[in-house]
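Please look over the sequence and the structure shown here.

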Amino acid sequence: DALESQLYAQYSDIEVQETTDPMANLNQDLAVTGFDFKKTSIYPISTYKNVSEDILKDVIAALSKTEADEVAFIQLALKRVGSKFWERGFRAAIFKFFGIKYDIEGKSTMGNVKLSEDLYRGKFRIGYIAKNKATAQTKVNTIVSLYKGLKGETNSLKKSRFFPWDNLENQFITRNFEAGD
């Protein structure tokens, strides 16, 4: 209800309807891609507060061109990271012991601020079902290009690299965070 009310507040003409789970009957005409940060996630990307374009509006405009027999998915899977430095990865451990915590003016650095907050690992994926795999991949690429507007001063999103054994489609369908979850 919270998401729906936010969408109605921003886009009064939007139509939101409940439906069955479309992932239950996915076929081979599914194209999926994911995003990673270009640099470590300590460096932020732009957010809705400081981006010059209305990315949500652009994505909704692209999705409005979806054919009747096509389905588009935007998936954000989050996994909370523990609060101990060893649970936050190698870079966090290095930062804990050797990183610069405050700048010359005494302000906390981006890395120090980020590591003092609750952290989540995220998987951002886009999936598309169309009449054939090539069309689905073209539509996914169109949606992916819209997210390039989130490029910040210090970081940006890039398409994830996947290997055949990663089985990204299966992770997407089952909503797994990583293989083995």
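**Asp-29 and its surroundings**

Leaving aside residues up to four places away in sequence, Asp-29 touches Tyr-128, Ile-129, Ala-130, Lys-131, Asn-132, Lys-133 and Ala-136, a contact being heavy atoms within 4.5 Å. The model is a predicted one, in which local features need pLDDT of at least 70 and side-chain atom pairs count only at pLDDT 80 or more, while totals for chains, interfaces and linings use all residues. Residues are numbered from 1 along each chain as its sequence is written, and side-chain values use heavy atoms, with hydrogens and water left out.

Asp-29 sits in the loop between α1 (2-10) and β1. Helices (H or I, at least four residues) and strands (E, at least two) are DSSP runs, numbered from the N terminus. Asp-29 is buried but has no salt bridge. Buried means under 20% relative accessible area, exposed over 50%, and partly exposed in between (1.4 Å probe, protein chains only). A salt bridge needs a side-chain nitrogen of Lys or Arg within 4 Å of a carboxyl oxygen of Asp or Glu. The nearest side chain of opposite charge to Asp-29 is that of Lys-133, 7.3 Å away; Lys and Arg count as positive, Asp and Glu as negative, and His and the chain ends are not counted.

At the start of α5, a side-chain oxygen of Asn-132 comes to within 3.2 Å of the backbone nitrogen of Ala-134.

Which residues of α5 are buried? They are Ala-136, Val-140, Ile-143 and Val-144. These residues lie on the same side of α5, because they cover an arc of only 105 degrees around the axis, taken from the directions from the helix axis to the C-beta atoms. An α-helix has 3.6 residues a turn, so residues three or four places apart point the same way. The cover over the buried residues of α5 includes β1 (30-37), α2 (55-63), β3 (119-129) and β4 (157-159).

Another loop, between β2 (71-81) and α3 (90-98), holds Gly-82. Gly-82 is buried, at a relative accessible area of 18%. Its C-alpha is 7.6 Å from that of Leu-119, 37 residues apart in sequence.

The chain as a whole has six helices and four strands. Buried residues make up 29% of its 181 residues.

Terms used. Polar contact = N/O pair within 3.5 Å; in protein donor to acceptor, adjacent residues only side chain to side chain.
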